[in-house]
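Subject: Structure handover

Hello,

Here is the structure I said I would pass on. My notes on it follow below.

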Amino acid sequence: MIGRLKGVLVSKQPPWLLVDVNGVGYELEAPMSTFYDLPELGREVVLCTHYAVKEDSVALYGFLREAERSLFRHVQKVSGIGAKIALAILSGASVEEFSRLVQSGDVAALTRIPGIGKKTAERIIVELRDRVDAIGPGVPGLGPAGAVPADPVAEASVALQQLGYKPAEVSRLVKDAAAPGDSAETIIRKALRAALR
């Protein structure tokens with residue numbers, strides 16, 4: 001239905017984005033992998049999108065890379081995985097890293113992603129191992145984007161809680177990850193990488 005959007009980035013508050021396309025504001029939910037590489041507010045952005053309709057809701061998801069959208073769609077074909085867990089997967093690991101975890105059968109690393117228990121991790125490995133190559137290569141070397149916000153630690157903490165991490169876990173992850181001058185995106189990226197170890 002809506003496969004791609006090109007417009008001006010109006011707002012970015014993880015996990016939500018607002019993109020103005022010729023005067024129409026599209027609200028999208030996006031994984032942290034997309035947030036890391038977004039341009040500054042007021043700049044043009046092009047997003048691959050996934051339009052989802054359920055009985056009680058309509059949602060639009062945005063991704064900077066086709067490989068991310070592909071993984072988002074593939075992983076939801078696994079029994080018991082919905083959009084929320086699919087976003088958590090993309091927020092916790094790059095497409096490349098996730099593919100490697102699935103191919104190597106690393107159940108322990110997969111269960112560190114919020115919402116994925118041991119049985120779900122095993123199902124992901126069994127159901128996706130043969131299809132993981134079709135998802136496409138990831139893009140390594142993600143970096144922070146935009147200016148440093150007023151309180152990046154608070155912003156990172158809120159974003160991690162929205163991804164499903166418990167407050168105590170968020171405090172520990174952010175405390176270990178945050179360095180002076182880090183943007184919220186950098187703190188979140190470092191915290192998510194630490195959570196997967």
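In which hand, left or right, does α2 pass α3 in their crossing? The crossing is right-handed. Please keep in mind throughout that this is a predicted model.

The α2/α3 pair

The axes of α2 and α3 come within 9 Å and cross at roughly 135 degrees. That angle makes α2 oblique to α3. On the α2 side the contact is made by Glu-68, Leu-71, Phe-72 and Val-75, and on the α3 side by Ala-83, Ala-86, Leu-87, Ile-89 and Leu-90.

Helix α3 is largely enclosed by the rest of the structure, because nine of its 10 residues are buried. The buried residues are Ala-83, Ile-85, Ala-86, Leu-87, Ala-88, Ile-89, Leu-90, Ser-91 and Gly-92.

The cores

The largest nonpolar core has 32 residues, and the members touching the most others are Tyr-61, Phe-72, Val-75, Ile-89, Phe-98, Leu-110 and Ile-124. At least two residues of this core come from each of β5 (58-63), α2 (66-75), α3 (83-92), α4 (95-104), α5 (107-110) and α6 (118-128). Helix α3 gives the most to this core, with seven residues.

Ile-89 shows how these pieces meet. Apart from its neighbours within four places in sequence, Ile-89 is in contact with Leu-71, Val-75, Phe-98, Ile-113, Ile-116 and Ile-124. There is also a second, separate core of 28 residues, which includes Leu-9, Leu-47, Leu-60 and Leu-163.

Helix α9 covers residues 167-177, and Val-170, Leu-173, Val-174 and Ala-177 in it are buried. These four lie on the same side of α9, because they cover an arc of only 95 degrees around the axis. Ala-168, Lys-175 and Asp-176 are exposed on the other side of α9. As background, an α-helix has 3.6 residues a turn, so residues three or four places apart point the same way.

What do the buried residues of α9 pack against? Their partners are α8 (152-162) and α10 (184-196).

With α8, the axes come within 10 Å and cross at roughly 135 degrees. Helices α8 and α9 are therefore oblique to each other. The crossing in which α8 passes α9 is right-handed. Val-153, Ser-157, Leu-160 and Gln-161 of α8 make the contact with Pro-167, Val-170 and Val-174 of α9.

With α10, α9 packs at an angle of about 115 degrees, and the axes are 9 Å apart. The two helices are therefore roughly perpendicular to each other. Here too there is a right-handed crossing, with α9 passing α10. Leu-173, Val-174 and Ala-177 in α9 meet Ile-187, Lys-190, Ala-191, Ala-194 and Ala-195 in α10.

The loop between α8 and α9

Tyr-165 sits in the loop between α8 and α9. Is Tyr-165 buried or exposed? Tyr-165 counts as buried, because its relative accessibility is 7% and the cut-off for buried is under 20%. Leaving out neighbours within four places in sequence, Tyr-165 is in contact with Arg-112, Pro-114, Leu-160, Val-170, Leu-173, Leu-192 and Ala-195.

Other loops

- Pro-15 lies in the loop between β1 (4-13) and β2 (16-21). The peptide bond from Pro-14 to Pro-15 is cis, with omega near 5 degrees.
- Asn-22 lies in the loop between β2 and β3 (24-29). Phi of Asn-22 is near 50 degrees, which is a positive value in a residue other than glycine. Asn-22 is exposed, with a relative accessible area of 81%.
- Glu-40 lies in the loop between α1 (32-35) and β4 (44-53). At 43% relative accessibility, Glu-40 counts as partly exposed. Glu-40 and Ala-184 are 144 residues apart in sequence and 14 Å apart in space, C-alpha to C-alpha.

Regards

Methods: Residues are numbered from 1 along each chain as its sequence is written. This is a predicted model: local features need pLDDT of at least 70, side-chain atom pairs count only at pLDDT 80 or more; totals for chains, interfaces and linings use all residues. Side-chain values use heavy atoms; hydrogens and water are left out. A nonpolar core is a set of buried Ala, Val, Leu, Ile, Met, Phe, Trp, Tyr and Cys residues joined through side-chain atoms within 4.5 Å. Buried means under 20% relative accessible area, exposed over 50%, partly exposed in between (1.4 Å probe, protein chains only). Contact means heavy atoms within 4.5 Å. The arc is that of the directions from the helix axis to the C-beta atoms. Axes are lines fitted to C-alpha atoms, for helices over the stretch in contact, and angles run from 0 to 180 degrees between N-to-C directions. Angles under 35 degrees count as roughly parallel, over 145 as roughly antiparallel, 65 to 115 as roughly perpendicular and the rest as oblique. A crossing is left-handed if the near helix is turned anticlockwise from the far one by less than a right angle, and right-handed if clockwise.
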